[in-house]
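Subject: Structure handover

Hello,

Here is the structure I promised to pass on. Please open it next to this message and follow along.

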Amino acid sequence: RLVMDLGGLFDMQGGNVNVSSVLALADGGTNDDSRFEQGAGTVTITGELGFECETGDFEPAYEMGGGTLQVNGDVVWFGAAPGSGRPSLKLSGGTTTVSGDIVNTNNSTVDLYILLETTATLTVLGTNIDLPHTTDSLVMTGGALHIAGNAGLSNDGVLHASDGDIYFDTQCELLGNGSFRFHNVNISSGAVLQHTQPAEI
């Protein structure tokens with residue numbers, strides 16, 4: 001495991017980092033939130049990328065401006081009392097591929113927050129993107145999101161794209177009672193987008 005905790009910072013501007021289990025952003029310290037900053041290079045995670053708060057109100061973050069991030073497992077948010085806050089995955093550049101799911105766990109005490117901006121590309125190959133809380137958010141002000149697995153996009157929070165492109169590459173079902181606002185939508189040849197919920201996009 002590679003864990004950033006107690007306000008620790010991992011600053012990566014090149015090279016390669018291989019994590020054979022879990023890379024976790026956890027809680028924070030007195031003056032700083034825990035962060036992993038990637039400006040270049042390649043990070044490969046065999047297990048999961050985890051965001052968790054269990055000791056207080058913090059915003060640990062993975063911030064990526066360039067390079068490559070490969071997550072072979074899931075990206076998971078988890079919070080337990082007295083933990084709270086908004087752990088964040090912030091992508092402004094580079095290429096991120098998630099082979100598994102993106103989820104905030106049931107009964108989690110933290111908010112899921114994902115930001116795509118500028119030139120970032122996020123590809124999700126799993127079967128589930130789950131924002132189960134009204135305070136969960138996936139925000140796009142640029143970049144590209146590829147939903148490339150046969151997935152359910154379950155949103156009880158907010159998916160808000162004021163810019164950027166969302167690609168449905170295979171099959172996807174939109175679910176949940178949250179708000180959906182897309183900017184540019186691209187449905188690949190042979191792909192299926194099923195709008196089950198909510199009543200209006």
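Below is what turned up, starting with the sheets and ending with the rings. Please keep in mind that this is a predicted model.

**The open sheet**

Nine strands come together here: the 9 strands form an open sheet. Their order is E1-E3-E5-E9-E13-E16-E18-E20-E23, and the pairing is parallel. Strand E1 (2–4) and strand E23 (192–195) stand at the edges. Each has a single partner strand, so one side of each is left without a neighbour in the sheet. From one strand to the next, the twist averages 15°.

For a look at one pairing in this sheet, go to strand E16 (residues 128–131) and strand E18 (residues 151–155). They are parallel and share 4 bridges. Ile 129 has Leu 153 in E18 as its bridge partner.

**Strands E4, E7 and E11**

Strand E4 (residues 35–45) runs parallel to strand E7 (residues 61–64), and 4 bridges join them. Here Glu 37 stands opposite Glu 63 in E7. E7 also pairs with strand E11 (residues 88–91), again in the parallel sense and over 4 bridges. On that side, Ala 61 is opposite Ser 88 in E11.

As a reminder, side chains in a regular strand alternate between the two faces of the sheet.

**Aromatic rings**

How many aromatic pairs does the structure hold? There are 5. One of them is Phe 36 with Tyr 62: the ring centres are 4.7 Å apart and the planes are at 10°, so the pair is stacked. It links distant parts of the chain, with Phe 36 in strand E4 and Tyr 62 in strand E7, 26 residues apart.

Are these two residues buried or exposed? Phe 36 counts as buried because its relative accessibility is 0%. Tyr 62 is buried too, with a relative accessible area of 0%.

Another pair is Phe 168 and Phe 182. Their ring centres are 6.1 Å apart and their planes at 85°, so this pair is edge-to-face. Phe 168 lies in strand E19 (residues 158–168), while Phe 182 is in the loop between strand E21 (179–181) and strand E22 (184–187), so the pair ties together parts 14 residues apart in sequence. Both Phe 168 and Phe 182 are buried.

Ring pairs also link Phe 10, Phe 36 and Tyr 62 into a cluster.

**A charge over a ring**

Last, look at Arg 86. Its charged end sits over the ring of Tyr 113, 3.9 Å from the ring centre.

Best wishes

Key: Residues numbered from 1 in each chain as written. Predicted model: local features only at pLDDT ≥ 70, side-chain atom pairs only at ≥ 80, totals over all residues. Heavy atoms only, no water. Pairing = 2+ DSSP bridges. Helix = DSSP H or I, 4+ residues; strand = E, 2+ residues; numbered from the N terminus. Phe/Tyr/Trp six-rings, centres within 6.5 Å; stacked < 30°, edge-to-face > 60°. Buried < 20%, exposed > 50% of the residue type's maximum accessible area, 1.4 Å probe, protein only. Lys NZ or Arg CZ within 6 Å of the ring centre and 35° of its normal. Axes fitted to C-alpha atoms, helices over the stretch in contact; angles between N-to-C directions.
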